[in-house]
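Hi,

Here's the structure I said I'd pass on.

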Amino acid sequence: MRGLHKRYGDIHALRGIDLDVEAGEVFALLGPNGAGKSTTVEILEGHRGATSGTVRVMGMDPATSGREYRDRIGIVLQHSGIEDELSVREALEMYASVYADPADPDEVLAQVGLGEQADQRVKRLSGGQQRRIDLALGLIGRPDVLFLDEPTTGFDPAARRRSWELIAGLRSLGVTILLTTHYMDEAQQLADRVAVIVAGEIVAGGTPVQLMEAAGETAISFRTEPGSSLEGLPLVDAVVSTTSVTVRTMAPTTVLHELTGWALSRDIELHELSVTRPTLEDVYLQLAETEVEP
Ligand SMILES: Nc1ncnc2c1ncn2[C@@H]1O[C@H](COP(=O)(O)OP(=O)(O)OP(=O)(O)O)[C@@H](O)[C@H]1O
Ligand SMILES: [Mg+2]
């Protein structure tokens with residue numbers, strides 16, 4: 001995507017999005033409600049037109065490429081509208097029939113953990129089970145590129161883990177995956193790279209590790225014995241409370257070395273010594289507060 005803008009009347013939903021997703025990669029779009037994630041994904045799917053800018057997926061323009069494009073992509077919309085009088089298997093067979101080279105419906109149902117519900121009507125499924133059907137419909141065409149808009153919202157923890165395995169498995173088959181999610185652990189677990197969209201603009205991007213490193217400081221903390229002296233503690237900017245000492249640093253290896261050296265030389269035990277990095281969620285929360293000019 002280059003210089004992508006999308007206006008809905010007065011709402012300027014996308015304000016110049018540049019995005020590159022490499023073949024074979026899992027890419028996660030993160031951002032608060034209304035940031036423009038679904039709009040971005042739906043433009044890539046060919047479901048919406050952009051106001052301006054260019055989009056190419058596998059060399060094709062989703063807005064004008066027809067069957068040839070749709071045959072190669074799979075889609076899980078944020079809100080799907082499948083016919084809920086059908087049985088689970090019938091729904092899958094119906095979607096399979098529009099693809100040139102579909103997967104076996106029963107195999108896909110087993111993959112998403114709906115094997116036992118194959119003959120049940122879609123409308124009788126629980127919320128999380130309906131979401132699994134959506135995922136199955138995204139997979140039925142054996143896509144080269146898969147778009148997943150909040151694929152695991154409403155899943156129980158076990159179902160989320162299973163779909164992570166499924167997504168990792170698709171990645172190992174070479175499927176390119178663009179997903180959106182509000183779960184930072186999901187992004188951290190699955191994504192090769194992420195981009196954070198706030199109010200229609202990309203405010204940060206990179207691998208999860210790069211984002212966490214850019215956010216910087218590692219916290220090192222430990223608890224001290226009552227009455228023990230911190231004399232000679234090499235950590236000048238340590239925050240000392242009544243029960244613990246915490247230092248934030250960009251150079252954790254050096255600081256840990258100094259700290260443990262100090263403790264060993266004085267025969268001091270560092271209780272509950274911990275080294276914690278900012279999580280992707282910490283980083284995200286900082287970024288999501290980024291002010292953007294209206
Ligand atoms: N069909 C539409 N008509 C008018 N405005 C729309 C339409 N679709 C989206 N918008 C607006 O565009 C902006 C971006 O919406 P979008 O659905 O892309 O956000 P999102 O990042 O997917 O949010 P969420 O996390 O809640 O799914 C919002 O301000 C939304 O109100
Ligand atoms: Mg959305």
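The buried residues of H3 are covered by, among others, helix H4 (105-111) and helix H5 (127-139); contact here means C-beta atoms, placed from the backbone, within 7 Å, and helices (H or I, at least four residues) and strands (E, at least two) are DSSP runs, numbered from the N terminus. In H3 (residues 88-96) the buried ones are Val88, Ala91, Leu92 and Tyr95. They sit on the same side of H3, because they span an arc of only 95° around the axis, taken from the directions from the helix axis to the C-beta atoms. Buried means 20 or more other C-beta atoms within 10 Å of a residue's own.

Before you go further: this is a predicted model, where local features need pLDDT of at least 70 and side-chain atom pairs count only at pLDDT 80 or more, while totals for chains, interfaces and linings use all residues. Residues are numbered from 1 along each chain as its sequence is written, with chains lettered from A and ligands numbered from 1 in the order in which they are written.

Leu92 turns up again as a contact of Ala136, along with Val108, Leu109, Val112 and Leu114, if you leave aside neighbours within four places in sequence.

Then there's an open sheet of four strands, S11-S12-S10-S13, with antiparallel pairing (strands pair if DSSP finds at least two bridges between them). S11 (239-240) and S13 (271-276) each have a single partner strand, so one side of each has no neighbour in the sheet. Six bridges link S10 (residues 218-223) and S12 (residues 244-249), and Phe222 is opposite Val245 in S12.

Cheers

Technical notes: Two residues are in contact if their C-beta atoms, placed from the backbone, lie within 7 Å. A residue is buried if 20 or more other C-beta atoms lie within 10 Å of its own, exposed if 12 or fewer, and partly exposed in between; C-beta atoms are placed from the backbone.
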